Each structure stands twice: as C-alpha cells, then as structure tokens.
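Student: Can we go through this model together, one question at a time?

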Amino acid sequence: MGLTSEDLWIGDRVTLLKSKRRGVFEGVKKSGKAIVNISGKKVITTFSNLALTPDEKTPVSISLKEEESTSSQPLSFKNEIDLHIEKLAPDLANAIPQIILQKQINATDQFIKNAIRSRMVEVLIIHGVGTGLLKAEVQHLLEGHKELHHFEVVNEGGATSARFNYQ
C-alpha cells in the first residue's frame, strides 16, 4: 500500500520507487498528485510511487493507531516543542517561507494531538515573536480541541502555554 498526502509533510525526504531518485516532498497538485523537488526540478508523481526516505535529519513517523491498539499506556514525549526551523527541521533552514510555515503548522498539529492522546495537562509551544503569523496559527490549532482549558502567551510573546482539561 502506497503513501497518501496525509502520510507526508512538506520537506520530507522521499524516494521515487520506479526510478530510485530521491528528493523532497513539496506538496500536492490540484490533480491529487505529489510534487517532489529532485535537484531543483519539480517532478509530478503518484503517491503510490513514493516512499519515505528517513535519514538523520528526518524524524520517522509512527502510526499512533498502531501504538494505541498495542498499548494502554499513554505515549510519552516532552511537554514542549520548539518551532524555530533550526531546531525543528534544520535541513529546511533555507527553504521558502511557505514551506517552513507548513512544516511548523504540521508539527504543531501533531504535537497537540499527541499531547491530548497522552493526557498531558500543560504544554509549551515555542513559536518565537516574529510577525505573529505562526503564533496565530498555533492558537487557532489549539482552539480546535475541546480538551483545551485555556492558553496564554508567555516568554515575552515568544511562546504559548496551553492547559488541557480531561473529563
């Protein structure tokens, strides 16, 4: 079974299965096909032709559905995430701002979902001060979860602290 658009984040390293060429996933065309940058050239391909190419800079994703079905223990991970691209995905430090922002949003969304699955009470999301765009996206993602009790901006505007309530 091949990959889907939901399996990949912009900036993930991928291999084209048929040609064995490697590149970076850049998004999805309106047609539903994947856009892969290979040595500066954009290649359009089907998701069934793609495989993740993990390396020391690319985190390997685990399926939370599989993890949840095999264990009743909550997942464990740090209660904070630093969204500065140099920390989150150093290989994207020179990418265009849209790709960086999409990576940060995807990472935040997954972090919040994992925090809720783990029933964490409090998390810290370090987004930096910047223009405020990433902070607004972080807060929008938080507001989409019924478990959110409240959030507040901390660290002189550079982070958002969120508390969750489970009933």
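**Salt bridges, sheet and helix**

Tutor: Glu122 has a relative accessible area of 36%, so Glu122 is partly exposed. Keep in mind that this is a predicted model.

Student: Which side chain does Glu122 meet in a salt bridge?

Tutor: The N to O distance of this salt bridge is 3.0 Å. The cut-off is 4 Å. The partner of Glu122 is Arg163.

Student: How many residues apart in sequence are the parts that this pair ties together?

Tutor: Glu122 belongs to strand β7, and Arg163 belongs to strand β9. The pair therefore ties together parts of the chain whose separation in sequence is 41 residues.

Student: Is Arg163 exposed, partly exposed or buried?

Tutor: The relative accessibility of Arg163 is 32%. Buried means under 20%, and exposed means over 50%. Arg163 therefore counts as partly exposed.

Student: How many salt bridges does the count come to?

Tutor: General principle: side chains of opposite charge can pair when their charged atoms come close. One of the bridges is Glu122 with Arg163. By the distance rule, the count comes to 5.

Student: Which residue forms a salt bridge with Glu26?

Tutor: The closest N and O atoms are 2.4 Å apart. Glu26 sits in strand β2 (residues 22–28), and its partner sits in strand β4 (residues 41–45), 16 residues apart.

Student: Where do Asp91 and Arg13 lie?

Tutor: Their side chains meet in a salt bridge at 3.3 Å, N to O. Asp91 and Arg13 are 78 residues apart in sequence, so the pair ties together separate parts. Asp91 is in the loop between α2 (85–88) and α3, and Arg13 is in strand β1 (residues 13–16).

Student: What relative accessibility does Asp91 have, and what does Arg13 have?

Tutor: Asp91 counts as partly exposed. Arg13 counts as partly exposed too. The value for Asp91 is 24%, and for Arg13 it is 24%.

Student: What is the strand order of the open sheet?

Tutor: The sheet has 5 strands with antiparallel pairing. On average, neighbouring strands are turned by 45° against each other, direction ignored. The order is β4-β3-β2-β1-β5.

Student: Which strands stand at the edges of this sheet?

Tutor: An edge strand here has a single partner strand, so one side is left without a neighbour in the sheet. The edge strands are β4 and β5 (50–52).

Student: Why do the buried residues of α4 line one face of the helix?

Tutor: In helix α4 (residues 133–143), the buried residues are Leu134, Val138, Gln139, Leu141 and Leu142. They line one face because, seen down the axis of α4, they fall within an arc of 160°.

Student: Which exposed residues does the face turned away carry, and what covers the buried ones?

Tutor: The cover of the buried residues includes α3 (97–117), β7 (122–126), β8 (148–154) and β9 (159–164). The face of α4 turned away from its buried side carries exposed His140 and Glu143.

Student: Is the pair of Phe164 and Tyr166 stacked, edge-to-face or tilted?

Tutor: The structure holds 2 aromatic pairs. In this one, the ring centres of Phe164 and Tyr166 are 6.5 Å apart, and their planes lie at 35°. Stacked needs under 30 degrees, and edge-to-face needs over 60. So the pair is tilted.

Note on methods. Residues numbered from 1 in each chain as written. Predicted model: local features only at pLDDT ≥ 70, side-chain atom pairs only at ≥ 80, totals over all residues. Heavy atoms only, no water. Buried < 20%, exposed > 50% of the residue type's maximum accessible area, 1.4 Å probe, protein only. Helix = DSSP H or I, 4+ residues; strand = E, 2+ residues; numbered from the N terminus. Arc of directions from axis to C-beta. Contact = heavy atoms within 4.5 Å. Phe/Tyr/Trp six-rings, centres within 6.5 Å; stacked < 30°, edge-to-face > 60°. Pairing = 2+ DSSP bridges. Axes fitted to C-alpha atoms, helices over the stretch in contact; angles between N-to-C directions.
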